[in-house]
Structure formats: C-alpha cells, structure tokens
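Biologist: I have a few things to ask about this model. Can we go through them one by one?

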Amino acid sequence: MSEERDRLPEQALPVEEQVERPLDEEQLELAHPADAAEHIEALDIKDQVAFIKQLPLEDAAESIAEMDSHDQAMLVRSLSLGLAARIIEHMSPDDATDLLNNLDEDLRRTLLSKLTAEDRASLRTLLTFDPDTAGGVMNTEVVVLNQDLNVDQAIAKMRGEVEDKEIPYYAYLVNEDKELVGVTSLRDLLVARRGTCLKELIKSQNLIFVTYNEDKEEVARLISHYNFLALPVVDFGRRLLGVVTVDDVIDIIHEEASEDMQAMVGAGPDETADSPWLYSVRKRLPWLMLNMINSAVSAWVVHLFEGNIAQMAILAVLMPIVANQAGNTGQQALAIMIRQLATERFDRKRSWLAVLREARIGLLNGLLIAALVFGVVFLATRMPLLAMVMSAALGLDMLIGALAGASIPLVLRALGRDPAQASSIFLTTITDSMGFLLLLGMAQVVLL
C-alpha cells in the first residue's frame, strides 16, 4: 500500500502531504494575526497549508479566525481532520462557531466529533443560534461573579480566570439563580474600598442587555450608541449566555455595509471576488431578469412617442439627460435612507419625515438645475418652448427621483424585505420611465 502511494503523482496526494515549499523568515515572523491572515490569503492553497503547519496552534487559530470566510473554509477543508480540530479547539467560541457555520454539514459533524466533550457541547449550543442574531455572534468566554462576593474575593477569582477569557475588562454579576444582575469593570474593582460587597457597586446601575434572538445589527447599534466594549446576552429568564464585543461589532458593521452595497444593485449580499462563479450567476440572474422587464417598461414609454421623436430628433438627444439626472438624485436619497435604516432604530414617523426632507432637497435642486438647463438648451437651439419643456421635465423627474429614492427602502421594509435589496433597480425604472413620459408627453402637448 505504501509503495503504491509513493508512485502517486504529487497532485494526487492530500494537499498537506504534498512537498512543502520552504518559507522564508519574513513569512514566519508576521507580528499580528490580521497581518498573517492577509499573507495567507495571498498564497496558493498548498503554501497556505504549509504556512499553517509551521505556526503554533494558538497563532494558527488566531490567524485563520482573521481570514475571509470563503478563504477560511477552503483552507480548513485542505487540512487534515486532526489538525483542523486542534486549531478549532484553540479558537474563541464565537470564531469557531463562525468557521463551522461556513463548512458543510458532514465536515462540521466530523470536526465536532474530534473535539473534547466540553468544547463540543459549547459549540453545538452556539451553532443552534441564528448567525444573524446576538446569540450567533456572542462569545461565551466571560468572567462571571456571584453578587455576594466582596471586592477582594472578586479580584482573586478574576486573577485565576482571566488568562482563559477573551473579555477580561468586564465581570458579570449574577445571583443564586444565575440571573444577570449587574456589570462591573476591572477599574471599578481596583478603586473600590476593600471588603465592599459587589452588590453595593451595582446598587444604582441601569443595566443594559439584549436577548439572544436580538438582530445583530441592533446589537451593533446599541454598543455604538452607549460606547460599550461589550454587551451581555441573556435568555428569556435573564440568565447570562455570553457577550458581544466591540470587535464583533466592527465586523458586523463592515459586513452589513458590504451586504447593503451589493444588495442595492442586485448582487448576492455575501458574494466576494472569490465566490464560485456559478453561485454568483444564481444570485444575480433573477435581478438581471427583473431589470430587463423594468427596462422594457421604459422602452414601451419611448415607443408610445415614436412619432414625436421622428418629428423632432433632438428629443432623443435630451432624453438620457433627464433620466440620468433624476437617477443620480434618487441614488443620493436612496443612500441616505438606507444608511438611516441600517444605523438607527427604525422610527416610522421619523423615517417618513426624512422622505419629505429628501423631497424638499430634490425640489430645490431640480429648480436650480432646471434653470441652468433652460439657459443651455435655449442658447443651443434658440427654441424657448423646447427649453421650457426640457427644464420642466428635468425638474419634475428630479423631484420624483428624490421621492422614490427615499421611499423605496421604506416600502421594501414594510413588505418584510431587506430595504437595500435591488432598490437601485426599482429606482432606475421609475426615473427612466417617468423622465421619458414627462419629456415626450409635454413635447407632444407644447411643441407638436
């Protein structure tokens, strides 16, 4: 069996058993896991495996945790099951959960079976939470203290536990029923008078926490709003489950911003440049089909006035100007509204007041641009009626674009959809079709 294996070509062997290329000292001395992750992602898969095998397990775990989810999953699939399991054991629970969520079910089950009973139970519990909720992003490595301890006992207990915890700057106080009753910082413990009971430290505290099913975007908003380093997560009995930390919030904000930007144009929210191309086709094709249907609406409007365009060819020259200007106006309002919905708690009244604000902005900008366009068209054609029609159509379409850009995210939200999902496709349909209808319709009434 071994002789037959020796005759196999190199590419037929498992990746990590292929001949390893020597790595230079610079590759082995990357100072921070984030730098190491960036370096690893730039290597081909064979060298990624070789690099990871030469790192201490703790460094390998931290580096892989910093990698893009797609590259991370590819690398772990290329490692031996034993090495992959040992690396997962050295990850923080939230990072390990994120990694396992990106693997297929069979590999996930196999890797879990190779972990210690304690780690396996902890990760299986975390895997039951929706990845888009507080429970799905929380970390369970926290310092928990009984509220009946005094300051000296608490510091002694923290000294013994803090080495194994990812969040050493807060301690979470619970009662006999394991219910969360307060939070204290390491600073508060150090400056408190010796012998002070922990109950006294939290006597007037306004405790802020979230339940495990809270949307992770709302968790990020709360941490940002209160300038917390971490936010406790509880169950419906107020028992402490874990915490969401500020580094998770940065990832959440970055991820949500990327998703919104891609969703606006109909791309897959979780697509990256390394996603399988067939996956990208499946995500984009439905929205491209919808865009084609929407474009047909604009084409149909133009077709209705085909005779008018034949009689006055300059209308065909002016049509794109109206549509593009209104489209840009709508995109500005759309971007502002989507950001509003993503970063602040939804308030129906305030949101519709924001629509009126965008309408006022669109109206004033429309009037100013329309006045400019009137002068340009008049000077170019010496046709005052044409200049009037063009400026009126442009100003009205810019107002419509502002209203549509601000309203579309609210309508999508009311329908239970992502406010950013393909919103620019719907906006383009409205501004194009209305712009053509206004310009050609008014031209028919006034000029022809």
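Biologist: Where do R221 and E218 lie, and how many residues apart are they?
Modeller: Both lie in helix 15 (residues 216-226), three residues apart, about one turn of the helix. Helices here are DSSP runs of H or I with at least four residues, strands are E runs of at least two, and both are numbered from the N terminus.

Biologist: What do their side chains do?
Modeller: The side chains of R221 and E218 meet in a salt bridge at 3.1 Å, N to O. The term needs a side-chain nitrogen of Lys or Arg within 4 Å of a carboxyl oxygen of Asp or Glu.

Biologist: Are those two buried or exposed?
Modeller: R221 and E218 are both buried. Buried is under 20% relative accessible area, exposed is over 50%, and partly exposed is in between, with a 1.4 Å probe and protein chains only.

Biologist: What should I know about the model itself?
Modeller: This is a predicted model, in which local features need pLDDT of at least 70 and side-chain atom pairs count only at pLDDT 80 or more, while totals for chains, interfaces and linings use all residues. Residues are numbered from 1 along each chain as its sequence is written, and side-chain values use heavy atoms, leaving out hydrogens and water.

Biologist: How many salt bridges are in the whole structure?
Modeller: A search finds 11. One of them joins the side chains of K199 and D148 at 3.2 Å, N to O. K199 is in helix 14 (residues 198-201) and D148 is in the loop between strand 1 (142-146) and helix 12 (151-161), so the pair ties together parts that are 51 residues apart in sequence.

Biologist: Which residues are linked in a network of salt bridges?
Modeller: E105, D106, R108 and R109.

Biologist: Switching topic. At what angle do helix 5 and helix 7 cross?
Modeller: The axes of helix 5 (residues 57-65) and helix 7 (residues 81-89) cross at roughly 80° and come within 8 Å. That makes the two helices roughly perpendicular, a label for angles of 65 to 115 degrees. Axes are lines fitted to C-alpha atoms over the stretch in contact, with angles from 0 to 180 degrees between N-to-C directions.

Biologist: Which residues make the contact?
Modeller: L57, A60, A61 and I64 of helix 5, with L83, R86 and I87 of helix 7. Contact means heavy atoms within 4.5 Å.

Biologist: And R382, where is that?
Modeller: R382 is in the loop between helix 20 (348-381) and helix 21 (384-414). R382 has a positive phi of about 55° although it is not a glycine, and counts as exposed at 58% relative accessibility.

Methods: Angles under 35 degrees count as roughly parallel, over 145 as roughly antiparallel, 65 to 115 as roughly perpendicular and the rest as oblique.
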